[in-house]
Amino acid sequence: SGKIAFVTPADDNPFVWENPTGEIMRINNSKVGIGVTAPQAPLHVVTTGDLSDALILEFAGTYQGGPYQTFQYNEGGSSPSENGDLIGGIRARTAYDTSSGYAGYSTAVEFRNDGNPTSTSAPGRIEFKTTAVDAVAPVERMRINNAGAIQFNAYDGTNNTGSPTHILGTDASGNVVKSTA
């Protein structure tokens, strides 16, 4: 019931897969690169097709649902996960010059603990962040907390004023209930 083992004397000797048009994948220093010769993350995918998909997760079964992208966080046994800890997220950035120089991230969606998790409770929140002009770090602009309330940071047309508005839901008549507390 065979297996294939790749053994190399040092982890800096990459395994490279090629086809007649060139390199298609490599494993280097425990990192997989597809379309890139020096992967910078455990999985680094580069595509040159404009507006093409870099990653597709597809479920081809008969159940009516699709695949999840699961972010799983563990502090390695050093301490339990706590309120506010980042569980995972999605960030976007773009190069500011033709040599792929990156200044920072323009946007982010972060998944965080919204309370201390236990074996019977996993409270979470989602934070939506954007980066202002002349800045390089995303700042929280909207949050959905563990109760489903939506918080918007106050905006006066130019600046974030720091007084958030909370959308708490709707009343029995369907009117939006909000608070600035």
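Where is the place of Ser30? The legends below begin with the whole predicted model and return to this residue in a later view.

View 1. The model is predicted. The protein has 11 strands and 0 helices. From the N terminus on, its elements run β-β-β-β-β-β-β-β-β-β-β. Of the 181 residues, 13% count as buried. Take the contacts between residues at least 6 apart in sequence: 15% of them join residues at least 24 apart.

**View 2. Ser30, in the loop between β2 and β3.** This loop lies between β2, residues 22–28, and β3, residues 31–34. That is the answer to the opening question: Ser30 sits in a loop, between two strands. Phi of Ser30 is positive, near 65 degrees, and the residue is not a glycine. Ser30 has a relative accessible area of 57%, so it counts as exposed.

**View 3. Asp134, in the loop between β7 and β8.** Strand β8 covers residues 139–144, and β7 covers residues 124–130. Asp134 is not a glycine, yet its phi is positive, about 65 degrees. The relative accessible area of Asp134 is 82%, so this residue counts as exposed.

**View 4. Arg125, a buried residue of strand β7.** Arg125 belongs to β7, residues 124–130. Its relative accessibility is 12%; the cut-off for buried is under 20%, so Arg125 counts as buried. Which side chain does Arg125 join in a polar contact of 3.1 Å? The partner is the side chain of Asp114. Asp114 is also one of the residues that Arg125 touches, leaving out those up to four places away in sequence. Others in that list include Glu110, Phe111, Arg112 and Asn113.

**View 5. Arg91 over the ring of Tyr105.** Here the charged end of Arg91 sits over an aromatic ring. The ring is that of Tyr105, and the charged end lies 3.9 Å from its centre. How many aromatic pairs does a search of the whole structure find? The search finds 1.

Definitions and conventions: Residues are numbered from 1 along each chain as its sequence is written. This is a predicted model: local features need pLDDT of at least 70, side-chain atom pairs count only at pLDDT 80 or more; totals for chains, interfaces and linings use all residues. Side-chain values use heavy atoms; hydrogens and water are left out. Rings of Phe, Tyr and Trp (its six-membered ring) pair if their centres lie within 6.5 Å; planes under 30 degrees apart count as stacked, over 60 as edge-to-face and the rest as tilted. A charge sits over a ring if NZ of Lys or CZ of Arg is within 6 Å of the ring centre and within 35 degrees of the ring normal. Helices (H or I, at least four residues) and strands (E, at least two) are DSSP runs, numbered from the N terminus. Buried means under 20% relative accessible area, exposed over 50%, partly exposed in between (1.4 Å probe, protein chains only). A polar contact is a pair of N or O atoms within 3.5 Å; within protein, one must be able to donate a hydrogen and the other to accept it, and residues adjacent in sequence count only if both atoms are side-chain atoms. Contact means heavy atoms within 4.5 Å.
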